[in-house]
Amino acid sequence: MAGTSSGIVAGLTAAALGTVGFLAYRAQATVPAHLGAGPAAHATAASKAPRDRHNPTALPNGSGTGERVVYSVDDDRVWLVAPGNRVERTFRVRPGTVDPPAGTYWVTSRSNAATGTDGIPIEHVVRFTSVDGVTIGFSAAVDGAAAGMVADAGVKTGGIRETRADGDAMWRFATIGVRVIVIR
């Protein structure tokens, strides 16, 4: 009788795994192309994008085309780029303690107001990925006082802080689905 029971359990387990595999395949096959790839599907090499030595605020070559937010991890700078590679605005930022890898992402969520992982009230939060459970996104401190502070290295933070004026510009520009290109 024991052989029959274990055979039934093995058969049910195989059927369950087959069903889960089939459903996973069907779910993946029906996801729209712009969502199915995931945020880091087009990760780029970690080499530094070429810069214009005579104009350090110029949009780096190799940072993509079309409407996008370009974030340089090495330069702590953001470019808001309109169609036709026209830079609408560029500004310095203060990163958190966790950096996103270089690659292509999309704005996935936004919040008008929140509290940062460092306990500071923030506004105009534009999120685009997460790294090891830490959400990465742009934001501005509500009182502006935290804009120049150095992030506490003991706390994992993914907030990339902007001034309030730059945060307003980011909020207007980076709606859900806008590309975010992270470069070195």
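The model is predicted, so local features need pLDDT of at least 70 and side-chain atom pairs count only at pLDDT 80 or more, while totals for chains, interfaces and linings use all residues. Residues are numbered from 1 along each chain as its sequence is written, and side-chain values use heavy atoms, with hydrogens and water left out.

Helices (H or I, at least four residues) and strands (E, at least two) are DSSP runs, numbered from the N terminus. Two strands count as paired if DSSP finds at least two bridges between them. On this basis, five strands form an open sheet in the order 3-2-1-9-4. Its pairing is mixed. Strand 3 (86-92) and strand 4 (103-106) are at the edges. Each has a single partner strand, so one side of each lacks a neighbour in the sheet. From one strand to the next, the twist averages 20 degrees. Axes here are lines fitted to C-alpha atoms, for helices over the stretch in contact, and angles run from 0 to 180 degrees between N-to-C directions.

Within this sheet, strand 1 (residues 68-72) pairs with strand 2 (residues 77-82). The pairing is antiparallel and spans five bridges. Arg-68 stands opposite Val-81 of strand 2.

A further open sheet has four strands, in the order 5-6-7-8. Here too the pairing is mixed. The edges are taken by strand 5 (109-115) and strand 8 (159-162). Each pairs with a single strand, so one side of each is left without a neighbour in the sheet. The twist averages 30 degrees from one strand to the next. Strand 5 and strand 6 (residues 121-131) run antiparallel, joined by six bridges. Thr-115 has Pro-121 in strand 6 as its bridge partner.

Helix 3 packs on this sheet and touches strand 5, strand 6, strand 7 (134-141) and strand 8. Contact means heavy atoms within 4.5 Å. The direction of helix 3 makes about 60 degrees with that of strand 6. Helix 3 (residues 164-173) also lies across strand 1, strand 2 and strand 3. With strand 3, the angle is about 140 degrees.

Most residues other than glycine have a negative phi. Asp-76 has a positive phi, near 50 degrees. This residue lies in the loop between strand 1 and strand 2. Asn-85 is not a glycine, yet its phi is positive at about 60 degrees. Asn-85 sits in the loop between strand 2 and strand 3. Its relative accessible area is 36%, which means that Asn-85 is partly exposed (between buried, under 20%, and exposed, over 50%, with a 1.4 Å probe and protein chains only).
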